[in-house]
Amino acid sequence: MLTSNLVSVDLQQIFGEEFRAVRPRSPMPPILIRFRRFTSLNTTIRLREGKLLVSLSDLLEGAPESVLRAIAHILLAKLYRKPVDRSHNLRFKRFAASSAVTRQTELIRHARGTKRFIGPEGRFYHLEEIFDSLNHRFFGGLLGRPELTWSENLARRSLGHYDAAHNTIVVSRIFDRPSSPRYAIEYLLYHEMLHLKHPVKMRGLRRCVHSQAFKAEEEQFPQLKEALAFIKRL
């Protein structure tokens, strides 16, 4: 990742004050802080050779002092296994969940993130053909087709996901084989298509990924039980 210059004295002072609050009787190590070109609100802290190395997303440049102080407290508390102050935690969550920050994060992810496309055509199944069939059967043909691709590897932990920043549905290549029943792949794709129809919404500080409307439509998939049973055996 490309980095900017070291941050201002003010931020150094904030981290120093929060270190003293978290560890009041410990000698303060040198604290080196950099903003980095992350694709999200990533923040990291490490203790290396007696120095605290802090990396903050450059999306946080210009954030209110109260938010930067909350981040400093959270990072230091977690590093030294101390309780995280509830007010600091709430303040950062409100900042991260705000519409302006959420939109900016999505734009940055799209601009900086990389997405390698294997393509929709597998050895045994073609995702575009399955998408179009499902679109006609369940959505009246009204869903715009996103990028469709098989995963690069035989992923088992992430069998399918919709990436809103890149408008892409990825399905694990582990399903592209003769022994995979079509209904299992149809269900995976149908589930991700529901994310197109029911985008993630914020409820207060919580992200609602699977709304009641989402779940109700998912239940309408005719071979839901069989598909889930097959997936469970993988």
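**Reading the model**

Modeller: Let us begin with charge. The protein carries 39 positive and 23 negative side chains, and the centres of these two sets are 8 Å apart. Please keep in mind that this is a predicted model.

Colleague: How many helices and strands does the protein have?

Modeller: There are eight helices and nine strands in the protein.

Colleague: What is the mean pLDDT of the protein?

Modeller: The predictor attaches a confidence from 0 to 100 to each residue. Here the mean pLDDT is 87, and 90% of the residues reach 70 or more. Confidence is highest in helix H5 (residues 127-138), at a mean of 96, and lowest in strand E1 (residues 3-6), at 42. Over residues 1-6 the pLDDT is below 50, although this stretch has 13 contacts in the model beyond near neighbours in sequence.

Colleague: What radius of gyration does the protein have, and what would a compact globule of 234 residues have?

Modeller: The protein has 22 Å, whereas a compact globule of 234 residues would have a value near 17 Å. Along the principal axes, the C-alpha atoms fill a box of roughly 65 × 35 × 35 Å.

Colleague: Which share of the contacts joins residues 24 or more positions apart?

Modeller: Among contacts with a separation of 6 or more, such pairs account for 55%.

Colleague: Is Glu186 buried or exposed?

Modeller: A residue is called buried when its relative accessible area is under 20%. Glu186 counts as buried because its relative accessibility is 7%. This residue belongs to helix H6 (residues 182-197). Setting aside neighbours within four places in sequence, Glu186 is in contact with Ile130, Leu134, Arg137 and Phe221.

Colleague: Is Pro27 buried or exposed?

Modeller: The word exposed applies over 50%. Pro27 is exposed because its relative accessible area is 73%. Pro27 is found in the loop between helix H1 (9-22) and strand E2 (31-36).

Terms used: Residues are numbered from 1 along each chain as its sequence is written. This is a predicted model: local features need pLDDT of at least 70, side-chain atom pairs count only at pLDDT 80 or more; totals for chains, interfaces and linings use all residues. Side-chain values use heavy atoms; hydrogens and water are left out. Helices (H or I, at least four residues) and strands (E, at least two) are DSSP runs, numbered from the N terminus. The radius of gyration is taken over C-alpha atoms; the globule rule is 2.2 Å times the number of residues to the power 0.38. Contact means heavy atoms within 4.5 Å. Lys and Arg count as positive and Asp and Glu as negative; His and the chain ends are not counted. The place of a charge is taken as NZ of Lys, CZ of Arg, CG of Asp or CD of Glu. Buried means under 20% relative accessible area, exposed over 50%, partly exposed in between (1.4 Å probe, protein chains only).
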